Amino acid sequence: MSLNSSVFFKEDKDNESELQNTSLMKENPLQNLCLASQEILQKAQQSGRAKCLKCGGSRMFYCYTCYVPVETVPVEQIPVVKLPLKIDIIKHPHETDGKSTAAHAKLLAPEDVNLYTYPCIPEYEERKHEIVLVFPGPNSVSVEDISLHLHKHIPSNALGSKDDKSDKQPIKRPKMEIEQNEDAENNSRRDGTSLKKVVFIDSTWNQTHKIIADERLQGLLQVELKKRKTCFWRHQKGKPDTFLSTIEAIYYFLVDYHTAILKEKYKGQYDNLMFFFSFMYQLIKNAKNSSGKQQENSALNL
């Protein structure tokens, strides 16, 4: 079944049909994504590695250091996803670029995603009431509980006081600026929080300890995606299947945010974040089916 086809299984009272559908989902849990056509990736995979137009490196599909498609993948055929929140990804310096899925987020949502290599971390201290860190831990909360906990981080001086008076005349602002500010305030009221940014750590799970212990991340509300299971072909042995790859964590967080906080029906708005991931997943799956000894790097030829 094609990855880029939209298939939605309806509830069937026939138990046999239901079992068949469940089996298909286990075979390919990403098949229901609403994706842009992946034909360009199929052609690129058949033609092999190509040159990055920025650094000249030989890559498959995209350059994981420049965050641009290779010359055989026209940029206009790559989907662009608009996100409701800004995303910061803190990458471990020893994380292998070619094995990381963080590049997917930057390629597919370039206006809303920023990548930093540790120890380079933005300053979050004054904005803790607007930011959450997606990372499992003893004090982490679910996406549904963000609104309940995030307001505790609002500094008292940001709340203002009704008794405060100023002799200064209000500054006249352009109508466009006023409307934009009102839109932002309305969105904040709608989702019940002032959440504006989400931070993710990109590294192997064994490498995360130093980053998560960094004082600049202390005090950020931690969020855990407890109900999602990874499809990553490089899942680390001994770790639970709820430990997601970076692009999976970003995607699932946004889906849960859309339904649990924005209270809107999800209609596949962020599915194209999985554009590269789902294609690679299928390549690996096909390679393993054809040869038990086939390795993912050979299939992807990164």
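Predicted model: local features only at pLDDT ≥ 70, side-chain atom pairs only at ≥ 80, totals over all residues.
Residues are numbered from 1 along each chain as its sequence is written, and side-chain values use heavy atoms, with hydrogens and water left out.

**The chain overall**

- The protein chain has ten helices and nine strands; these are DSSP runs numbered from the N terminus, with helices being H or I of at least four residues and strands being E of at least two.
- Of the 302 residues in the protein chain, 45% are buried, where buried means under 20% relative accessible area, exposed means over 50%, and partly exposed lies in between (1.4 Å probe, protein chains only).
- Among contacts in the protein chain with a separation of 6 or more, 75% come from residues 24 or more positions apart; a contact means heavy atoms within 4.5 Å.

**The five-stranded sheet**

- An open sheet is built from five strands in the order β6-β5-β8-β7-β9, with parallel pairing; two strands pair if DSSP finds at least two bridges between them.
- β6 (113-117) and β9 (221-223) are the edge strands, each pairing on one side only.
- From one strand to the next, the twist averages 30°; axes are lines fitted to C-alpha atoms, for helices over the stretch in contact, and angles run from 0 to 180 degrees between N-to-C directions.
- β5 and β8 are paired in the parallel sense over six bridges, and here Ile90 stands opposite Ile201 in β8.
- β7 and β8 are paired in the parallel sense over four bridges, with Val132 partnering Val198 in β8 and Leu133 partnering Val199 in β8.
- Strand β7 (residues 131-134) also runs parallel to β9, joined by three bridges; in β9, Gln222 is the bridge partner of Leu133.

**Covered strands and the helix across them**

- In β8, six of six residues are buried.
- Lys197, Val199 and Ile201 are buried on one side of β8, and Val198, Phe200 and Asp202 are buried on the other.
- β7 has both faces covered as well: Ile131 and Leu133 are buried on one side, Val132 and Val134 on the other.
- Helix α8 (residues 246-261) lies across β5 (86-91), β7, β8 (197-202) and β9, and runs at about 160° to β8.

**Aromatic rings**

- The structure holds eight aromatic pairs; rings of Phe, Tyr and Trp (its six-membered ring) pair if their centres lie within 6.5 Å, and planes under 30 degrees apart count as stacked, over 60 as edge-to-face and the rest as tilted.
- The Phe200 and Phe253 rings have centres 6.3 Å apart and planes at 90°, so this pair is edge-to-face.
- That pair links distant parts of the chain, with Phe200 in strand β8 and Phe253 in helix α8, 53 residues apart; both Phe200 and Phe253 are buried.
- Tyr62, Phe275 and Phe276 are linked into a cluster by ring pairs.
- The charged end of Arg59 sits over the ring of Tyr64, 4.3 Å from its centre; for this, NZ of Lys or CZ of Arg must be within 6 Å of the ring centre and within 35 degrees of the ring normal.

**Two buried loop residues**

- Ser140 is found in the loop between β7 and α4 (146-150), and it counts as buried because its relative accessibility is 10%.
- The side chain of Ser140 makes a polar contact with the side chain of Glu224 (2.9 Å); such a contact is a pair of N or O atoms within 3.5 Å, and within protein one must be able to donate a hydrogen and the other to accept it, while residues adjacent in sequence count only if both atoms are side-chain atoms.
- A polar atom of the Ser140 side chain also lies 2.8 Å from the backbone oxygen of Gly137.
- Leaving aside neighbours within four places in sequence, Ser140 is in contact with Phe135, Gln222, Val223, Glu224 and Lys226.
- Gln38 has its place in the loop between α1 (15-27) and α2 (39-47), and its 2% relative accessibility is why Gln38 counts as buried.
- A polar atom of the Gln38 side chain lies 2.8 Å from the backbone oxygen of Phe275.
- Gln38 and Pro79 are 9.9 Å apart in space, C-alpha to C-alpha, and 41 residues apart in sequence.
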